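Here is a short briefing for a first look. Keep the sequence and the structure in view as you read.

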Amino acid sequence: MTRFLPPILFLAAVIGLTCIPLFADSYGVTLGIGMLGYVTLASAWALFSGPTRYVSLATVAFFGIGAYTVAVLSESMPYPLVLVTAGAVGLGVAIVVGLSTLRLAGVYFVIFTFGLAELIRQLVTWYEVNMTGTLGRYIFLPVTPEGIYWQLLALATATFIISWWVGRSRVGMALKVIGDDEVVAAHCGINIARMKLALFAVSSVIITLVGAIQAPRWTYVEPTIAFNPTISFLTLIMALLGGAHRLTGPLLGAVPLFLLFEWLSAHFPNHYSIILGLVFIAIVFVLPRGVLAFVEENWKRWRRREIKKLPAVAE
Amino acid sequence: MSELLKIEELTKRFGGLTAVNSVSFSVAPGEVVGLLGPNGSGKTTVLNMISGHLPATSGRIALGGQTISGLAPNQIVLKGVSRTFQLVRGLPSLTVGENVVAALAFGRRKLWGKAAQAEALQRLDEVGLAHRADQSAQELTYIDQKRMELARALALEPELLLLDEWLAGLNPTEMATGIELIRSIQRRGATILMVEHMMDAIRALCSRCVVMNAGRKIADGPTAATLADREVVTAYLGEAYA
């Protein structure tokens, strides 16, 4: 019976979330879009970076690629084809980037991915200024906010199922071993480069699609909007808050933080960035391994203390 | 095929330093061979080249007549070579059982799910660690970590097992347990090449020894005779004892 409980709860949650736009006002739908967007971003990020511990700051590079593909192609192609093209572009970039960078480890990978996002932003800016002559682009697509919400929900659901499957499969085991010790991974017969590349590609395609699906919300895009590095940092901190190496971790991190940031930007518009920075620092200091791990550890410690109080039993 | 492992003119240079200099030897199936030598003589480097952890500068390594030098470690594992590490390398974020499952899942048999868990338990039982299967790997004591690493290496179904100072750092009781464990692996027909400093263990386990000094092979023969060899004694203890 308990075996079927999680899937049933999951299904109920998806159905419940699907119905929300039927009741909610436009602010509710907007909030839902933002939340689903970040839940998907954080889950996709954690899919690769959680187990391997390769901290990527390239989230916005792929997010922006998705948004820009839609901006460029929205008038010359039917919408579904635009999404497919965006995913394909994301995949292509992920493979090129993956092949050239996944040999880097630790801080070098972090710096590279951050640099990559900036590089793509500057390239797009240069192209727009010198080739098309105008920096911004308009996106006129007959997609309603509800449509965006449902697309994002579908993507979030797919991401969640992929994460669940990876976590239970040999692929997930391989990623954990790689995250612990690459030398041991290789000596267990794991093809490290191929494994990392595959997961990086899947994660990047999902992130690209988030950008592509959300793009029509903006109507107007320019590189500073679509490639805003804050998106990378928010995704990272949400995944870390929940716990990047757990299935529900990114979800549990993304929802409260998104609501917090939403509230902060409404009430403290002038100090938003300062508070954002403080929140980042607080999370890294107080919960370095995420809320879930924190709760679990303290639960164990508390239980152990309880056991110690019991009269000693001969071993 | 008379020999399982055949090493020919194996050389490794790190910049100007020649860590392994034109070393050749072979290991027959079922043999337990000790690879000895003072610190820095290049023993671990030889092991690292056999397992593919380091590429050889020149020379050839063959397993059962097939060249394996130049292959990546994950390919060499599938050919039938597995190893333990000088500084024990557990996978701390996994349980003890999962440490072994990792090897089963990607090794030669590609086991997964219930079959892999059952097999992992059996492998852990062989090294006396089955009761700790659900524990976190980082909670193990030093000898248990070494046992786990051995179980992981055995789970890869090796034709050739490389042990890099597997008995180092154990107390006398643990040493006796360890020797008995290696002997039980040997009885099942495994071929073992072991780097070791513990002379008692070498005398107890190895029928043959290869001795290295400063990157060169200086002796190769039956254990007792090799350990009495003049050049070997000089390398270890100096001229005065030779």
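This is a predicted model: local features need pLDDT of at least 70, side-chain atom pairs count only at pLDDT 80 or more; totals for chains, interfaces and linings use all residues.

Residues are numbered from 1 along each chain as its sequence is written, and chains are lettered from A and ligands numbered from 1 in the order in which they are written.

**Chain A overall**

- Chain A holds 14 helices and 2 strands. Helices (H or I, at least four residues) and strands (E, at least two) are DSSP runs, numbered from the N terminus.
- Along the principal axes, the C-alpha atoms of chain A fill a box of roughly 80 × 50 × 45 Å.
- Of the 315 residues of chain A, 42% count as buried. Buried means that 20 or more other C-beta atoms, placed from the backbone, lie within 10 Å of the residue's own.
- Among contacts in chain A with a separation of 6 or more, 78% join residues 24 or more positions apart. Two residues are in contact if their C-beta atoms, placed from the backbone, lie within 7 Å.

**Domains of chain B**

- Chain B splits into domain 1 (5-80 + 158-241) and domain 2 (97-156). These bounds come from an automatic or database domain assignment.
- The C-alpha centres of domain 1 and domain 2 of chain B are 25 Å apart.
- Each of the two domains of chain B gives 10 residues to their contact.
- On the domain 1 side, α2 (73-79) and α6 (172-187) of chain B each supply at least two residues. The largest share, 3 residues, is from α6(B).
- That side of domain 1 of chain B has 8 nonpolar residues, 1 polar and 1 charged. Ala, Val, Leu, Ile, Met, Phe, Trp, Tyr, Cys and Pro count as nonpolar, Asp, Glu, Lys and Arg as charged, and the others, Gly among them, as polar.

**Where the chains meet**

- The contact between the chains takes 16 residues from chain A and 22 residues from chain B.
- On the chain A side, α7 (170-180) and α8 (182-187) of chain A give two or more residues. The largest share, 7 residues, comes from α7(A).
- This side of chain A divides into 8 nonpolar, 4 polar and 4 charged residues.

Conventions
A residue is buried if 20 or more other C-beta atoms lie within 10 Å of its own, exposed if 12 or fewer, and partly exposed in between; C-beta atoms are placed from the backbone.
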